[in-house]
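Dear colleague,

I am passing on the structure that we discussed, and below it I have set out what was found in it. Please keep it open while you read, as the notes go from one region to the next.

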Amino acid sequence: MPTVNPEILVWARETAGLTPQEAVRKIRLHDSRGMTAVDKLIAMERGDKDPTRANLAQMAKHYRRPLLAFYLSQPPPTTTRGVDFRTIPGIQSDNVSHLIDALVREMRSRQSMVRAVLKSEDEVNPLPFVGILKDLEGVSACTDQAVRYAVDALYQVLDLDLPTEYCEEPNSRAAFNLLRSKAEAAGVFVLLKGNLGSYHTDIPVDVFRGFVIADDIAPFVIINNQDSPSAWSFTLLHEMVHLLLNETGISGYDFEMESEVFCNTVASTCLLPTKDLEQVGINPIQDIIKQEQHISSFAQRRNLSHTMVACRLFRAGSTDQLSFNDLRDRFAQKWELNRSKQRERGRQSPGGPSYYGVHRYRVGRALLSLTGRMMGSGALSTTKAAKILDVKPTHVGSMIATR
């Protein structure tokens with residue numbers, strides 16, 4: 001077995017966000033006579049003890065690195081997230097940051113495989129809208145003219161009469177499905193993913209809301225499925241604007257960077273034009289309960305995020321900063337309460353959607369269709385298809401056969 005550089009072991013563990021004490025439990029190291037499990041790991045990381053093949057296999061699994069990474073001569077440079085659009089103080093805590101880095105690595109790997117298979121099969125049709133706004137004047141200042149131009153461009157890319165068609169859908173999930181289908185038809189792969197495979201690794205929406213990989217062959221938009229379906233729609237449009245700007249990066253809950261302000265404004269204007277704001281029926285002198293009721297009723301009728309509607313009203317001067325902060329907190333609390341109730345109902349009434357049904361929905365029809373077609377032509381092995389679909393190789397057949 002080739003020699004393993006002990007620096008690789010330290011790098012892999014630390015970038016997985018694990019202390020030695022946490023790592024030994026995950027990789028199944030046990031105490032032995034005269035040596036604790038932690039001492040064994042430290043000895044490996046110092047180069048005093050060689051890891052076994054079984055040790056490396058467990059490290060690869062729980063550090064979320066390919067096995068070959070442990071045979072590199074030196075730790076590789078840190079994978080870039082692209083532009084980190086999140087600017088909220090305190091969100092870079094180590095216990096969440098490593099989850100985001102792992103998610104970004106995984107998505108970049110899957111996107112690169114999709115890109116490679118498209119190029120190898122001569123299915124390369126560069127998408128003309130990626131970067132179409134990169135030279136648009138007024139983006140940094142978020143001018144009305146730039147916003148209007150971007151809104152029109154987004155309408156054209158999605159080939160959709162927004163917000164009319166969107167609002168006519170029966171509920172917010174159906175409305176998101178409509179937007180997603182339009183984005184996928186345009187050539188964008190839209191995935192829902194908010195953890196690394198289990199609820200233990202859930203990434204809060206105030207830390208990660210969306211991630212976009214700007215590419216004119218295989219652009220990816222990843223949306224945190226921990227959020228509400230109405231918020232998914234906003235995030236999808238938000239990340240689509242980043243695509244039009246040719247920007248790769250990760251977005252959080254709040255927006256302070258110029259690019260984020262612009263993407264936020266364009267996405268919210270697409271869903272709720274300024275001329276429709278007065279239909280909400282609130283004014284600054286109403287008490288907060290009345291404002292909440294009017295916004296909730298309006299947002300539900302139009303499949304919109306309650307918080308987005310409140311934000312649009314605040315920007316338009318229809319409510320003040322204190323009221324907006326209060327409304328935002330109220331809507332967040334209601335969402336958490338409703339989500340908790342849904343989870344409880346799910347525990348009490350097992351059954352529901354199958355594993356494959358849930359996973360297919362999160363992966364998206366575009367990626368499922370491409371994977372099935374490429375496997376049928378022999379361009380993709382089962383192993384690579386499994387990585388693209390984020391399932392075990394034994395599950396690929398069921399995913400493809402029932403899409």
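Two strands are said to pair here if DSSP finds at least two bridges between them, and helices (H or I, at least four residues) and strands (E, at least two) are DSSP runs, numbered from the N terminus. Please bear in mind that this is a predicted model, in which local features need pLDDT of at least 70 and side-chain atom pairs count only at pLDDT 80 or more, while totals for chains, interfaces and linings use all residues. Residues are numbered from 1 along each chain as its sequence is written, and side-chain values use heavy atoms, with hydrogens and water left out.

I begin with the strands. In strand 4 (residues 220-223), the residue that stands opposite G210 is I223. G210 belongs to strand 3 (residues 210-213), where G210 and V212 point one way and F211 and I213 the other, and all of these are buried; buried means under 20% relative accessible area, exposed means over 50%, and partly exposed lies in between (1.4 Å probe, protein chains only). Strand 3 pairs with strand 4 in the antiparallel sense over four bridges, and the two are joined by a hairpin of six residues. Strand 3 also runs antiparallel to strand 5 (residues 249-251), to which three bridges join it, and there F211 has I250 as its bridge partner.

Strand 4 has a further pairing, with strand 2, which is parallel and extends over four bridges. In this pairing I223 of strand 4 is the bridge partner of L192. Within strand 2 (residues 189-192), F189 and L191 point one way, V190 and L192 point the other way, and all are buried.

Next come the helix contacts. Two packed helices are described by the angle between their axes and the distance between the axes. The axes used here are lines fitted to C-alpha atoms, for helices over the stretch in contact, and the angles run from 0 to 180 degrees between N-to-C directions.

Helix 9 (residues 229-244) packs against helix 10 (residues 258-271) at an angle of about 125°, and their axes are 8 Å apart. That angle makes helix 9 oblique to helix 10, since angles under 35 degrees count as roughly parallel, over 145 as roughly antiparallel, 65 to 115 as roughly perpendicular and the rest as oblique. On the helix 9 side the contact (heavy atoms within 4.5 Å) is made by F234, L237, H238, V241 and H242, and on the helix 10 side the residues include F262, C263, V266 and L271. By class, this contact has nine nonpolar, five polar and one charged residues, where Ala, Val, Leu, Ile, Met, Phe, Trp, Tyr, Cys and Pro count as nonpolar, Asp, Glu, Lys and Arg as charged, and the others, Gly among them, as polar.

After helix 4 comes R64, whose phi is positive, near 60°.

Some backbone details may also be worth a look on your screen. The loop between helix 6 (144-158) and helix 7 (164-167) holds P163, which is joined to L162 by a cis peptide bond with omega of about 0°. D159 lies in the loop between helix 6 and helix 7 and has a positive phi of about 50° although it is not a glycine; D159 is exposed, with a relative accessible area of 58%. N246, in the loop between helix 9 and strand 5, has a positive phi of about 60° and is likewise not a glycine, and at 37% relative accessibility N246 counts as partly exposed.

Lastly, L322 lies in helix 13 (residues 321-348) and is exposed, with a relative accessible area of 70%. The C-alpha atoms of L322 and I282 are separated by 15 Å, and these residues are 40 residues apart along the chain.
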